[in-house]
Every structure is written in C-alpha cells, then in structure tokens.
Amino acid sequence: MLKNIPRFETAGGKRVLYADGKPFVALTCEIPWWDIELGRTAETLHAYDALYPAARDIGMNAMKVPIKWSCVEYAHGKYDFSYPDHVIAMCRKHGMKAVLGWFGHYASANGNMYDNLVGNVYAPEYIIEDEGAYPRAVDGLGRSHHNCACYEHPAIVEAETAAFKAFMRHLSEVDGEERTVVMIQVENEIALFGMDRQNRHYWRDHHPLAEETFLACGHSDELLFSAQRLCRAWLRPLTDAGRAEYDLPMFVNFVGGKLQDNIVGGSPGEDVATYLDEVPAIDFCGLNMYVQPGRSTNDLWSALEAYRIGRNMPSLTECNSDCSGMAARQAFLSVGMFGSPIFAPWALNVSYPQPYEPFVNDDGTRGPAYKGLYEPYAAMAPMLELLALYGGTERASVFMPLEPGARFSQTAQIAGRRVDINGNAGGQCIIIDAEDGGLYMCGYRCQIRVSTPNAVYPLAKNVKAEKGEYAGGRWVKHGDIRMTLSQYDPFVAVSLTEPGAVRLTGI
C-alpha cells in the first residue's frame with residue numbers, strides 16, 4: 001500500500017493540502033514547455049536545468065512543470081517518461097516538491113492539439129496526422145479545425161486516457177517514499193478553439209456528433225453545453241482513470257474573466273460549478289489572472305471571490321510575473337485571505353504581461369522582478385503550516401495598501417484586541433490568531449501595534465516577541481525581536497522590516 005501520498009483533508013472546517021504528513025501550500029512558479037521538443041526529448045531534456053537552483057534561491061518550495069502528452073507518448077502506445085523523471089530528479093536535488101501539468105491539450109492559443117509544430121505540440125503526431133480516426137471540432141460556420149480535437153468522438157478520449165493512466169502509473173512507481181509530486185494540473189485553460197473567446201461561432205463544437213447531443217440536451221446555452229460535454233465526454237473518464245492509478249490531488253485552471261453572467265470562467269467550456277459537479281476527481285478550479293499596474297486590492301479580491309463556489313478553493317494558478325509588484329500582493333491575498341493550496345505566477349523566466357522583466361533570467365541569474373517574488377515567499381515560508389491550516393478562515397487577517405506601492409495604515413479587531421498596522425511602500429503582512437493563544441505575523445516593511453493590558457508594567461515582563469518559524473506542528477524560536485512597550489499605554493509594537501515571521505505571546 002502506498003503511504004503518505006499528498007492529499008486534501010478537512011481540518012478546522014477547511015480543506016487543507018497535506019504533503020509528507022504536514023499542512024502544505026505550494027509556493028511555486030511555472031516554467032515553460034516549448035523547449036522540450038517533439039521527437040527531440042533526449043536532446044532538449046536539460047533545457048530548463050538552470051531554473052531549478054534559481055527557483056530554490058527565490059524561495060519556491062515546489063516547481064510547476066508542464067509535461068506534454070506528445071513528449072510522453074512518442075508513438076501509438078509507446079511511452080517515454082524521461083522528462084518527468086528528470087523533473088522529479090531535479091526537484092529532489094534542489095529540495096523542492098513538484099506540481100506537474102498534464103498538457104494533453106492546451107486551448108489558450110490557436111487550437112487545442114497544437115499551436116505550432118515545433119515546441120507547442122500537445123497531442124502526439126499519430127493523432128494530429130489522422131483526421132479520419134481522430135475527428136476534429138467544427139465551428140459555427142461549418143469549418144473543421146485541423147488543430148482542434150472533437151471530444152465527442154471516443155477515439156481521442158480513449159487514446160489520451162490510456163496515456164494519462166500510463167503516466168500516473170509511472171509516477172506511482174518512481175515517486176517512492178519521497179512523494180515529490182504533490183499535485184497534478186489537468187490540461188491547461190480548457191476550451192475548444194483557442195483565443196477568440198468572444199466569437200460565438202467558437203463557443204461549442206458543431207461536429208455532427210456534437211450537434212446531435214446539443215439538440216437532445218434540453219437547453220440552448222452553448223457555453224454551459226460546452227462545459228458539460230467537455231466534462232462528461234472527456235475530463236471525467238480521464239481523471240477517474242488517472243486517480244485510479246495514483247490518487248494524487250488534481251486541479252484545472254481557467255482563463256480569467258466571464259463570457260456570460262451565469263458562467264464563471266473566461267473561455268468557452270470553462271465553468272467552475274459544472275466542473276465541480278461533473279468531475280469529482282478535480283479538487284479545485286484555479287484562476288489565471290493577469291492585471292495591469294494600478295489595479296487596486298479590491299479588484300484582485302473580487303476576481304478571487306467570484307471563484308468561491310461550492311467546494312472550490314479559490315487559487316491563483318497563473319498571475320503576473322513582471323515588475324508591477326502585483327505578484328507579491330496576489331500571493332498574500334490568495335494564500336492568506338482565500339486559503340489557497342497553491343500560488344503560481346507564470347512564468348519564472350518569462351515576464352508577463354509586461355515584457356523583459358522576469359523574476360529569473362534564462363541562465364538562472366536574478367532578473368529585474370526577483371524581489372517581487374522573493375519577498376512574499378520569504379515572508380510566508382516560516383508560517384506555511386499555519387497558513388495552510390488557517391488561511392482563508394476568520395483566524396487569518398491580511399493587510400496591504402489599497403493601491404500598489406502606497407503607504408497604508410489600517411486597524412482591525414483580532415481576538416478581541418485592537419491591532420494597528422502601518423506599512424511603508426509595498427509593505428504587507430498576514431496575522432494569524434492561532435488556537436494556542438499566540439499571534440503569528442509574517443510580512444515585511446510593516447509595524448504592528450497590539451493593544452493588551454498585559455503590556456503595562458509589571459505585566460510586561462510576560463510579553464514575548466520571537467522571530468522564528470512554525471514547523472512540524474510547533475513554533476521554533478530563532479531569536480528574540482525588539483518590541484516597544486509603554487509604562488502607561490497598554491500596547492506592544494513590533495516591526496517586520498525584512499521578510500520573516502514573528503510570534504507574540506503573553507498578550
């Protein structure tokens with residue numbers, strides 16, 4: 001029997017990801033896929049090796065890596081797992097977990113089986129080349145798209161399901177007791193035809209098989225139909241088969257935005273409620289959200305709040321990777337306010353949406369935006385277990401400026417105490433009122449002032465402020481931190497200048 005497999009459990013009323021038997025949040029960042037080329041896996045195997053030590057340097061505890069179906073099944077029924085094996089080995093070498101993306105199809109570009117025939121090939125060649133055995137989707141104008149699969153036809157679903165089963169079976173055999181792989185992302189930004197999302201001709205498949213099913217479905221909502229059919233005809237059998245081989249947590253990611261008020265998802269075929277109802281093997285639906293500089297905290301919050309549907313865990317599975325400073329704010333909101341099990345900008349060495357500002361350069365050296373990911377990760381890492389347990393609950397409070405880079409001053413009531421937070425430009429913090437009576441704080445460029453009668457002499461000697469980390473279910477003290485007390489005023493104040501964590505007790 002396989003032991004200690006990563007899993008979700010309910011703890012304190014929320015679903016918590018466990019890895020190695022401990023609460024876990026994947027602080028990660030995706031790397032590209034296009035340099036791992038069809039038919040040249042051996043030659044391109046090491047294309048991203050320089051990014052692994054860079055990822056650890058920037059504070060990541062997991063690497064998010066796409067695995068293309070085309071580079072796993074090199075011929076019909078013949079598999080090559082050298083790239084996922086290499087990814088696992090590199091993650092182990094650099095002390096990280098792995099979140100693997102199964103890129104069987106990817107519909108944020110032109111088509112879903114391939115975009116170009118070099119690095120952006122997702123389905124294997126034998127499927128791409130045989131339209132007779134593997135029919136293509138047809139748009140509303142009656143045009144068949146060579147690079148878009150028709151999921152109503154069982155042949156392509158059966159072929160991908162067989163490959164995904166083999167992939168998951170292989171992971172169960174090679175991952176060993178270390179359990180390096182913690183989650184699987186299934187597909188990427190699911191849709192049928194690609195980027196032209198507003199064009200109603202691309203909202204559903206019009207292949208004769210799909211037309212027959214649409215007429216019999218009992219409603220005329222084309223977006224809902226797409227979501228239901230992608231789930232029932234394709235994703236349900238695929239994920240059920242994969243989890244039967246290796247029961248790892250699985251999730252999907254959606255394009256940010258909405259095409260219709262009753263559909264939460266930014267591409268045809270995406271809908272949170274439908275996916276959670278139709279595909280029980282999917283643990284959550286993540287949001288991919290890229291924002292321009294100047295967007296307020298309220299904008300970020302409202303986008304994530306729209307994903308608080310049913311059993312879903314709102315999470316940012318792609319977001320800014322530029323010098324805007326958005327990633328740091330998105331990280332604290334996603335993990336602290338919504339309790340996300342993963343935070344994953346795209347991409348580590350690719351700057352988006354603003355170009356030429358990556359976190360890390362291709363050669364692994366620090367890029368212009370390095371600090372924007374290092375600071376939030378270095379701040380949250382010492383409190384990661386507590387964030388996994390309490391993030392998104394009433395015991396966790398997040399503080400940051402409303403506008404990017406601004407100073408801020410906020411007041412809150414936490415565990416019956418008045419708490420005042422003042423932050424310098426770009427500063428932010430998370431405060432957790434843990435059940436052991438301590439206040440745990442992580443962040444940077446902030447001063448936190450907590451009102452308590454115990455801060456007045458002679459009780460002040462019982463108040464303690466310690467820097468350290470919460471690991472293995474307990475606080476590990478690294479040293480004392482300077483705090484401000486008053487002979488007359490009942491408050492204690494501490495400063496989080498550099499990224500880190502502090503515990504206040506005796507208050």
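A: Arg92 is partly exposed, at 30% relative accessibility; here buried means under 20% relative accessible area, exposed over 50%, and partly exposed in between (1.4 Å probe, protein chains only). The model is predicted, so local features need pLDDT of at least 70 and side-chain atom pairs count only at pLDDT 80 or more, whereas totals for chains, interfaces and linings use all residues. Residues are numbered from 1 along each chain as its sequence is written, and side-chain values use heavy atoms, with hydrogens and water left out.

Arg92 forms a salt bridge with Asp175, with 3.2 Å between the closest N and O atoms; the term denotes a side-chain nitrogen of Lys or Arg within 4 Å of a carboxyl oxygen of Asp or Glu. Arg92 belongs to helix 3 (residues 82–93), while Asp175 lies 83 residues away in the loop between helix 5 (154–174) and strand 11 (181–188). Helices (H or I, at least four residues) and strands (E, at least two) are DSSP runs, numbered from the N terminus. Asp175 is buried, with a relative accessible area of 0%.

A further salt bridge joins the side chains of Asp20 and Lys97 (2.8 Å, N to O). Because Asp20 lies in the loop between strand 2 (14–19) and strand 3 (22–23) and Lys97 in strand 8 (residues 97–106), this pair ties together parts 77 residues apart in sequence. Asp20 is partly exposed at 34%, whereas Lys97 is buried at 11% relative accessibility.

In total, the structure holds 25 salt bridges. Arg15, Arg243, Asp247 and Asp283 are linked in a network of such bridges.
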